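Subject: Structure to look through, with notes

Dear colleague,

Here is the structure that I promised to hand over to you. Please open it first, and then read the notes below with the model beside you.

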Amino acid sequence: MSPSTPVADPVELHQDEEDRTGLSKDALKRAFLDNLYCVQGKFPALATRSDYYLALAHVVRDRLLQRWISTAAAYTKAGSRTVAYLSAEFLMGPHLGNNLINLGILPAAQQAMAELGLDLDALLAAEVEPGLGNGGLGRLAACYIDSMATLGLPALGYGIRYEHGIFQQAIEDGWQVEKTDRWLREANPWELMRPEWTVAVGLGGHTERDTDATGRLHVRWVPDRTVHAIPYDTPILGYRTATANTLRLWRAEAPEAFDLECFNRGDYHGAVNRKTALENLTKILYPNDETLQGKQLRLEQQFFFVSASLQDMLRILRTQRLPLAAYADKFAIQLNDTHPAVAVAELMRLLVDEQRLEWTEAWAITQRSFGYTNHTLLPEALERWPLPLFRAVLPRHLEIIFEINALFLKAVRERFPGDEALAARLSLIDEHGERHVRMAHLACVGSHTINGVAELHSGLLQRDVLADFHRLWPERFTNVTNGVTPRRFVALSNPRLATLIDDTIGPGWLAELTQLERLEPHAEDAAFRQRWREIKRANKAVLAARVQRATGVLLDPDSIVDVQVKRIHEYKRQHLAMLQVIDLVLRLRDDPNLDVAPRTFLFGGKAAPGYRAAKLIIKLVTAVAEAVNGDPALRGLVKVVFLPNFNVSAGHDVYPAADVSEQISTAGKEASGTGNMKFMMNGALTVGTLDGANVEIREAAGAENFFLFGLTVEQVQALYAGGYRPQDCIERSPRLKAVLDALAGGHFSRGDRELFRPLIDGLVHHDPYLLLADFDDYVACHARVDAAWKEPDRWTRMSILNTARSGLFSSDRSVADYAQRIWRCPPVPVTLLTRDDVRGGGLQ
């Protein structure tokens, strides 16, 4: 509807309990109109779509706040053990739709808006997505905090409130162009600022030493810069529960907003320079760290949020009148990858320097508090900081790390005397060349548990990446396979499929995903298969509309929608998929009668701004798309699309529409993957290597319902060890040679023979991710996909069974594993309070 369209006749406004907390359609309508008038200050003739969205968001937030306050009361009364989940990213996605589902009021909200002449889908689309993450890591954190609330686990998510999130991606002349993400340009109705809990975080400076009356040495850090960390809280509601946990994100603010003396001298820039420099800490997600300044800002960001978070935990301890000795009993702190690893040194500083605990006692508390989740097998992704930089930013913390390292290596040498090579490999300081602090090593030494995120990944951590630590402490290592929330990625994203599942097995599956197993017998029901196909085609039509709006390309909903959406990286091998596309195009041009199923190859994902090879891969996709989408020789059988600015909102349309999920990383390079799980839940069939969680997905779905190709981890390692020559693969494969020749000859680059030369040379002379070694098997795998598609009943059975067997990959299962085996954190029941309870002291 247009902004000037009147809302239906005004409903009498009531100021009672029902309007603030009621879940009925009528209560929602009354509250919506109340908020439109009293919060937005608009009447219908002037209201915009944004006004309507914000009015509805505040309706939902009121209901969240009732559950949030009730949860805080229950946790305080129980003195509950609390999970503190430290993550540099929380890629939450839009809040409104997910909260409507978790409250159980999506149908009531749809009806209420319809009666007021509004379209709920349009209001959902008005929400600006907070881009506070780069991909899988941040989205995993979002799934986990959702599941913690669903399972009733006391939890706090701690991160950074970036003013500008991950960049907005535009495609100009086929190249990625980064635009500023201004997610805060309009009001964010979901957060509450908590200035009363502001803490000070120091940076730089020097240390001083003195002794007390007993002769004990004390160290005092004297920072040369101090920044205030201001918390912003967002309630995170569980599914159909009274539990609402807290996501607490920190914003940097200068202690002094304005230097009046500078201003009065006429130095107008100088008057705000210090404020600007300090507040840059939370200005942008992941500054480009190719420069020294970028590296420093990234380190400062990481320290800023972990210091603020640890100080906040100490405040909670004081508020609940608990002794310092109870810190590790009160908090189970999980490090989501190496970004927050400096927390180990900061907690030691807070306990030893600020709280005056003895080192031994402080170290025992620290080790009992932290768990460490490793998310990578790539050595370059295990963060290391040059010593001069680390010393300049965190001088006291470097001293603490040196002390931790000295004590640690002393114990190593006592256990393995004479093995100096082992001590050097385990050391927190890399002494080769320029000295670096190894953050993953600090996390390992300072944590009681170290986990990988898929069975294969955890095994490779223990065998290769962290093998020496596993030799030292095998009992600390475990696996927790990743999972994703079905509330967002099925119920919200795929309402047609969710309705069919509800009608078939009942609604309980959203809280217990293994109930999907009850769909298996229905794979043999022809009518059920037909309905399944109709839903998939309807979802593909929705995706086609999005793609046409974004790119102008018209997709065929009856084609195989073959999807690879994820961060662009060489190890994820989007360019392998493009080599296969080019092979198909060449064969169709050579043989006009070639019988193949129509294919739509859809790609999406962002390349890091400084990652030139990844940007060239995006250009490859767009260049091939330009060359083939209008080619009459292809008879409309091949379309290639790059969907710009892939994010959680776009995923809502992509995952339900996909027929094929491309999970084709080099075996042994992907830690887990979570996109593979989202596709599986929505009935896509995986084309994949035995990498990451693909191994467990194949085991769950059944080998016959998974398209496997490629070298295994053992074969990859043997090929590397034997002296891999990519030219051998080209000599053995005429089709591969034809693809590379066509690409080098400018057939897909408007005749430009140099455009893709860096990519081709990298493959022909190096090929570190073994694309050429896997090419023939990958092409053969796609022939099997084509054959299966031509048998609709067989394909549909495979699709149904993938969904039916996806229960293992719920984030609820993952979080339950963490809670039982790592955090040892029991759930706490929450009773919903009313305002009368609060007035009568119900919070006591």
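**What was found**

Arg 750 counts as exposed, because its relative accessibility is 63% and the word is used for residues over 50%, while buried means under 20% and partly exposed lies in between (1.4 Å probe, protein chains only). Before going further, please keep in mind that this is a predicted model, in which local features need pLDDT of at least 70 and side-chain atom pairs count only at pLDDT 80 or more, whereas totals for chains, interfaces and linings use all residues. Residues are numbered from 1 along each chain as its sequence is written, and side-chain values use heavy atoms, with hydrogens and water left out.

Arg 750 and its surroundings

Arg 750 belongs to the loop between α30 (734-744) and α31 (757-765); helices (H or I, at least four residues) and strands (E, at least two) are DSSP runs, numbered from the N terminus. The phi of Arg 750 is positive, near 55 degrees, in a residue other than glycine. A positive phi is also found at Asp 767, about 50 degrees, although Asp 767 is not a glycine. Asp 767 lies in the loop between α31 and α32 (771-789), and it is buried, with a relative accessible area of 0%.

Helices and how they pack

Helix α24 has 17 residues, and its first and last C-alpha atoms are 24 Å apart, close to the 24 Å expected at 1.5 Å a residue; the expected span is 1.5 Å times one less than the number of residues. Since 13 of the 17 residues of α24 are buried, this helix is largely enclosed by the rest of the structure.

Helix α23 (residues 574-590) packs with helix α24 (residues 612-628) at an angle of about 20 degrees, and their axes are 10 Å apart. The axes are lines fitted to C-alpha atoms, for helices over the stretch in contact, and the angles run from 0 to 180 degrees between N-to-C directions. That angle makes α23 roughly parallel to α24, a description kept for angles under 35 degrees, while over 145 counts as roughly antiparallel, 65 to 115 as roughly perpendicular and the rest as oblique. By contrast, helix α22 (residues 526-551) and helix α25 (residues 648-657) pack at about 140 degrees, with axes 8 Å apart, and α22 and α25 are therefore oblique to each other.

Because 22 of the 28 residues of α10 are buried, α10 is largely enclosed by the rest of the structure. After α10 comes Arg 321, with a positive phi near 55 degrees.

Rings and charges

A pair of aromatic rings is described by the distance of the centres and the angle of the planes. The structure holds 18 aromatic pairs, where rings of Phe, Tyr and Trp (its six-membered ring) pair if their centres lie within 6.5 Å, and planes under 30 degrees apart count as stacked, over 60 as edge-to-face and the rest as tilted. One of these is the tilted pair of Tyr 327 and Phe 331, at 5.6 Å centre to centre and 55 degrees between the planes. Tyr 327 is buried, with a relative accessible area of 0%, and Phe 331 counts as buried at 1%. Elsewhere, ring pairs link Tyr 85, Phe 90, Tyr 144, Tyr 818 and Trp 823 into a cluster.

A charge sits over a ring if NZ of Lys or CZ of Arg is within 6 Å of the ring centre and within 35 degrees of the ring normal. Arg 476 lies over the face of Trp 473, 3.5 Å from the ring centre, and the charged end of Lys 678 sits over the ring of Phe 489, 4.6 Å from its centre.

With best wishes
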